[in-house]
Amino acid sequence: MSYRSSTASFYSQLSYSISSIIALSIGVLFVVNGQVSVGGLISLFLASDRLTSPIITISQIFNQLNTTTPLIKENSMLNTKPASINNLTVAKQNEVLAFKDCQLGYQDQALLRNVNFTVNSAEKVLIVGRSGIGKSTLFKTLLNEIPLVNGVINVESNFGQKFGVVGQESYIFSDTLRFNLTLGQKIADATLLEVLKKVDLEKFAKLEALDQKLGKNGLNLSGGEQRKIELARALLAKKEILLVDEGLSGLDEKSSKKIFDLIMEFPGTVLEIEHVVGKEQSTQYNQLIDLNQKQYQVE
Ligand SMILES: Nc1ncnc2c1ncn2[C@@H]1O[C@H](COP(=O)(O)OP(=O)(O)OP(=O)(O)O)[C@@H](O)[C@H]1O
Ligand SMILES: [Mg+2]
């Protein structure tokens with residue numbers, strides 16, 4: 001509350017109390033002189049309070065409005081400012097994200113340094129590196145799951161709502177195939193069957209399979225099939241950015257080729273982590289970030 005409104009509130013309360021005391025004193029005098037009965041005095045007092053209380057309340061509401069307006073204004077200004085959690089700030093136009101002089105890792109273990117790259121809209125970016133080097137850690141940092149050790153990551157506004165993730169560990173719910181694909185969203189059967197074919201899951205691309213349960217007491221899925229379900233789910237969610245952590249690993253050649261083509265045809269931006277990718281395939285990405293390079297290693 002501002003100084004001005006506090007003072008106004010103080011004076012209104014003070015004048016209310018003084019006028020009540022004066023009115024009560026005069027009333028008591030009238031009662032003593034026998035000019036007014038006690039009942040009359042109470043009625044008169046209540047009637048005057050009915051008149052003055054709303055005036056006091058109005059002045060308080062006016063004060064509250066005066067003090068909350070600047071807060072509302074400041075809040076609306078904050079919403080237009082870039083989010084700055086985990087050193088995430090808004091990227092330049094057309095930039096989906098940019099790592100600037102980033103050091104990544106955990107409290108007790110720095111993993112990567114000098115991470116500098118920019119991803120523009122609709123680019124396909126491949127990140128490779130040996131096991132344990134910090135590839136998944138890079139995604140975890142981007143997704144704000146762990147803090148950035150050093151540096152800045154710029155992200156597109158509303159980044160949080162724009163990406164779909166195909167994680168290294170698949171999340172399959174003990175529910176129907178339909179639920180695992182849609183997560184409860186209403187999507188036409190024909191669309192579901194079409195996406196199942198796209199991710200090389202033809203054997204499940206049948207109407208009767210959609211309402212079958214997955215998991216222990218239903219359809220059993222291999223690791224590769226689980227990953228394909230995750231990819232189908234991410235595609236159906238129609239996000240602009242796909243983060244794929246080892247989408248091709250563990251797949252046979254035919255499946256791997258099909259998923260690779262699907263990722264390349266994806267209209268949005270893709271950041272994909274893989275252990276290794278064939279030379280011919282790797283040249284088709286817009287950028288290749290090889291974390292095995294010396295420049296990224298922490299001494
Ligand atoms: N929560 C954690 N706290 C501390 N260290 C962790 C944590 N999670 C992972 N690590 C360590 O960080 C290192 C990098 O892990 P990360 O999962 O990023 O590797 P990766 O490059 O994705 O490996 P892979 O190819 O095997 O998936 C590993 O040595 C791992 O043990
Ligand atoms: Mg990993």
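The following legends describe close-up views of a predicted model.

**View 1. An open sheet of five parallel strands.** The strands follow one another in the order E6-E7-E8-E4-E9, and their pairing is parallel. Strand E6 (163-166) and strand E9 (287-290) each have a single partner strand and stand at the edges, so one side of each is left without a neighbour in the sheet. On average, neighbouring strands of this sheet are turned by 15° against each other, direction ignored.

View 2. Five bridges join strand E7 (residues 241-245) to strand E8 (residues 269-274) in the parallel sense. Within this pairing, leucine 242 has valine 270 of E8 opposite to it. Helix H8 (residues 223-236) packs on the sheet and touches E6 and E7, and its direction makes about 175° with that of E6.

View 3. The ion is coordinated by Ser136 through OG and by Gln168 through OE1, at 2.1 to 2.2 Å. Serine 136 belongs to helix H3 (residues 135-142) and glutamine 168 to the loop between E6 and helix H5 (177-182), so the pair ties together parts that are 32 residues apart in sequence. Serine 136 has a relative accessibility of 23% and counts as partly exposed. Glutamine 168 also counts as partly exposed, at 39% relative accessibility.

**View 4. Surroundings of lysine 162.** Lysine 162 is located in helix H4 (residues 159-162). Its relative accessible area is 18%, and because buried means under 20%, lysine 162 is classed as buried. Residues up to four places away in sequence not being counted, lysine 162 touches Glu156, Ser157, Lys239, Glu240 and Ile241.

**View 5. The salt bridge between arginine 178 and aspartate 211.** The side chains of these two residues meet at 2.9 Å, N to O. Arginine 178 is partly exposed, with 22% relative accessibility. Aspartate 211 is likewise partly exposed, with 49%. The count of salt bridges comes to 10.

View 6. The network links Asp200, Glu202, Lys228, Lys254 and Lys258. Aspartate 200 forms a salt bridge with lysine 254, and their closest N and O atoms are 3.1 Å apart. This pair links distant parts of the chain, 54 residues apart: aspartate 200 is in the loop between helix H6 (189-198) and H7, and lysine 254 is in helix H9. Aspartate 200 is buried, at 8% relative accessible area, whereas lysine 254 counts as exposed, at 57% relative accessibility. Glutamate 202 and lysine 258 meet through their side chains in a salt bridge of 3.0 Å, N to O. Here too the pair links distant parts of the chain, with glutamate 202 in the loop between H6 and H7 and lysine 258 in helix H9, 56 residues apart. Glutamate 202 counts as partly exposed, at 39% relative accessibility, and lysine 258 as partly exposed, at 28%.

View 7. Serine 256 is a residue of helix H9 (residues 253-265). Its relative accessible area is 14%, and serine 256 is buried. Apart from neighbours within four places in sequence, serine 256 is in contact with Leu248 and Leu251.

Methods:
Residues numbered from 1 in each chain as written. Chains lettered and ligands numbered in written order. Predicted model: local features only at pLDDT ≥ 70, side-chain atom pairs only at ≥ 80, totals over all residues. Heavy atoms only, no water. Pairing = 2+ DSSP bridges. Helix = DSSP H or I, 4+ residues; strand = E, 2+ residues; numbered from the N terminus. Axes fitted to C-alpha atoms, helices over the stretch in contact; angles between N-to-C directions. Contact = heavy atoms within 4.5 Å. Donors = N, O, S within 2.8 Å, 3.2 Å for Na, K, Ca; no water. Buried < 20%, exposed > 50% of the residue type's maximum accessible area, 1.4 Å probe, protein only. Salt bridge = Lys/Arg side-chain N within 4 Å of Asp/Glu carboxyl O.
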